[in-house]
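Here is a short report on one protein model and its ligands. Look over the sequence and the fold, then read on.

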Amino acid sequence: MNLNIALLPGDGVGPEVLAQAVKCLQAVEETFNHHFVYKEAPVGAIAIQKKGNPLPDNTLKLCKEADAVLFGAIGDPKYDNDPNAKVRPEQGLLKLRKELGLFANIRPVLAHPALFDRSPLKKEIISGTDFVIYRELTGGIYFGEKKLNEEGTVASDLCEYSEEEISRIAHLAFKAAKSRKKKLTLVDKANVLESSRLWRKVVAKIGESYPEVTLDFLFVDNAAMQIILNPSQFDVILTENMFGDIISDEGSVIGGSIGLLASASVGEENALFEPIHGSFPQGAGKDIANPIASILSAAMLLEHFNLSEEAVAIKKAVDKALKKGIVTPDLKAKSQYGTNQVGDFIAHNIVDIEDDFNMNDENIDLGKSTII
Ligand SMILES: NC(=O)c1ccc[n+]([C@@H]2O[C@H](COP(=O)([O-])OP(=O)(O)OC[C@H]3O[C@@H](n4cnc5c(N)ncnc54)[C@H](O)[C@@H]3O)[C@@H](O)[C@H]2O)c1
Ligand SMILES: CC(C)[C@H](C(=O)O)[C@@H](O)C(=O)O
Ligand SMILES: [Mg+2]
C-alpha cells in the first residue's frame with residue numbers, strides 16, 4: 001500500500017518518540033513491502049518560534065493532503081507558566097483537530113502482565129483491564145466561547161454540545177462495543193450539567209439500535225474512582241472532551257506509565273495518531289522518554305488502513321520488549337535502555353519476526369483491535 005504520512009514532531013520529547021514510531025513504520029514497509037512517504041512540518045511551540053503561529057498554514061495544508069498524520073507532542077513551560085501569553089502551542093493542536101474534523105479520539109487502556117508490578121495498583125485489581133475510551137474531541141468546553149472581562153477578574157468557558165456532535169461519536173462507540181465485550185458506559189455529570197443530560201438522552205436513544213450492547217451511565221466523579229478500584233468492569237467508555245482528557249491520564253496509571261498509551265483521532269475524512277502524553281519537557285533531550293505510546297499510535301494508524309497483520313507485527317514486537325524488559329526508566333528504575341534503543345529493538349523485531357521468541361497471535365498481551 002502507498003501512504004502519505006504527515007509527521008508533526010512538535011516539542012519536548014515529541015520528536016524523540018515520533019522518530020521511533022517512524023523507525024517501526026519503516027520496518028513495516030520493509031517487511032510487508034509497502035511504500036510510505038513521510039513529510040514533516042512544525043507545530044506547537046517550535047512553530048511559534050519559527051513562524052509565529054502554532055499551526056502554520058503549510059502545516060495544516062500538509063495534514064489535509066496526507067492520508068494520515070502522526071503527531072508527537074506539543075507544549076512548553078514558557079507558555080504554561082504565562083497566563084497572559086497571547087499565543088499558545090496547544091492552540092495548534094486544538095485547531096488541527098477542529099480543521100481536520102477529528103471528532104472521535106480513541107484511547108485504549110490495558111494492563112500488560114509483564115508490567116503488573118509497575119502499577120501502584122494491586123495486580124488483582126488491574127489484571128484483565130482492557131477498555132477503550134471514546135473521547136469527543138472537537139466540541140464541549142474546549143471549543144465553547146471564552147470570555148474574560150475587561151478588569152481581568154471574571155472568566156468563563158462555555159460547554160456546549162449539539163445532538164449531532166453527540167450522535168456521531170456515539171455510533172462509533174456502540175459499534176466498537178458491539179465488536180468487543182458489548183458494554184458501553186457513558187461517563188457524564190448529568191446530575192448537574194444540562195449538556196450531560198443531552199448526552200444521556202441522545203445516547204440512550206441511539207442505544208435502542210444496538211440491543212446487543214449493554215448501556216450504563218456513570219457520573220464522572222464515580223467513574224474516576226471506579227477506574228482505579230475496578231477497571232476490568234469497563235469495555236467502552238464514551239465521554240465528552242474534558243472528562244475524556246482527565247480519565248485517560250488516570251487510566252494510564254493502570255498500565256504503569258502514561259508513556260504506553262496511544263490514541264487515534266478520527267473524523268469523516270482525516271485521521272491523526274498520537275500518544276496521549278504531552279511534551280514531557282523535563283525529559284526532552286535525555287533519551288529517557290518511553291516511545292511505546294508513539295509506536296502503538298503508529299500501529300493504530302496501520303489498523304485504520306486495515307493493515308491488521310502489520311499492526312500485529314508492531315504489537316508483537318512491543319510485547320516482546322515489555323516481556324524482555326527492554327524498556328525506558330519509567331517502566332524499570334535504572335533501566336539501561338533509552339528511547340532510541342527501545343525503538344531500535346522494537347523496529348528490529350518487526351523485521352525479524354520469525355525468531356527465537358515463541359509468540360503467536362493468541363498470546364500477545366496488547367488487547368483487542370480498537371479501530372473499526
Ligand atoms: N497531545 C499533546 O501534545 C499534549 C498532551 C498533554 C500535555 N501536553 C502539553 O505538554 C506539556 C507538559 O504537560 P504535563 O507535564 O502536564 O504532561 P506530560 O504528559 O508531558 O508529562 C506528565 C508526566 O508524565 C510522564 N511522561 C509523559 N510522557 C512520558 C513518556 N513518553 N515517557 C515517560 N514518562 C512520560 C512524566 O513523568 C511527566 O512528568 C504542557 O505544555 C501540556 O500542555 C501536550
Ligand atoms: C495539550 C492538550 C490540548 C491536550 C488535550 O487536552 O486534549 C492533551 O492533554 C491531550 O490529552 O491530548
Ligand atoms: Mg491530556
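## A covered helix

Helix α11 is mostly covered, with twelve of its 13 residues buried. Buried means that 20 or more other C-beta atoms lie within 10 Å of a residue's own; exposed means 12 or fewer, and partly exposed is in between, with C-beta atoms placed from the backbone. Helices (H or I, at least four residues) and strands (E, at least two) are DSSP runs, numbered from the N terminus.

This is a predicted model, where local features need pLDDT of at least 70 and side-chain atom pairs count only at pLDDT 80 or more, while totals for chains, interfaces and linings use all residues. Residues are numbered from 1 along each chain as its sequence is written, and chains are lettered from A and ligands numbered from 1 in the order in which they are written.

The buried set of α11 includes I292, L296, M300 and E303. Its cover includes α1 (14-32), β3 (68-73), β11 (262-266), β12 (271-275), α12 (308-324) and α13 (339-351). Contact here means C-beta atoms, placed from the backbone, within 7 Å. The length of α11 (residues 292-304) agrees with expectation, because 13 residues at 1.5 Å a residue should span 18 Å and the end C-alpha atoms are 18 Å apart. The expected span is 1.5 Å times one less than the number of residues. Just after α11, N306 takes a positive phi of about 60°.

## Annotated positions

The UniProt record, an unreviewed entry, places "domain: Isopropylmalate dehydrogenase-like" at residues 4-346. That span is 43% helix and 19% strand, and its end C-alpha atoms lie 23 Å apart. UniProt positions follow the numbering used here, feature names are shortened, and annotations may be inferred rather than shown by experiment.

For "binding site", the unreviewed UniProt entry lists R97, R107, R135 and D221. These positions span 125 residues in sequence and the farthest two C-alpha atoms are 26.7 Å apart, so they do not all gather at one spot.

Is R135 buried or exposed? R135 counts as buried because it has 29 C-beta neighbours inside 10 Å. R135 sits in strand β5 (residues 130-136). Leaving out residues up to four places away in sequence, R135 touches N105, R107, T239, N241, G244, D245 and S248.

D221 lies in helix α9 (residues 220-229). D221 has 12 C-beta neighbours inside 10 Å, so D221 counts as exposed.

## Ligand shells

A residue is near a ligand if its C-beta atom, placed from the backbone, lies within 6 Å of it. Ligand 1 is surrounded by 23 residues, of which G75, G259, H277, G278 and N290 are the closest. By class, that shell has ten nonpolar, eight polar and five charged residues. Nonpolar covers Ala, Val, Leu, Ile, Met, Phe, Trp, Tyr, Cys and Pro; Asp, Glu, Lys and Arg are charged; the others, Gly among them, are polar.

Around ligand 2 stand G75, E90, L93, L94, D245, I276 and G278. They divide into three nonpolar, two polar and two charged. Helix α5 (residues 89-100) gives the most to this shell, with three residues.

Key:
Contact = placed C-beta atoms within 7 Å.
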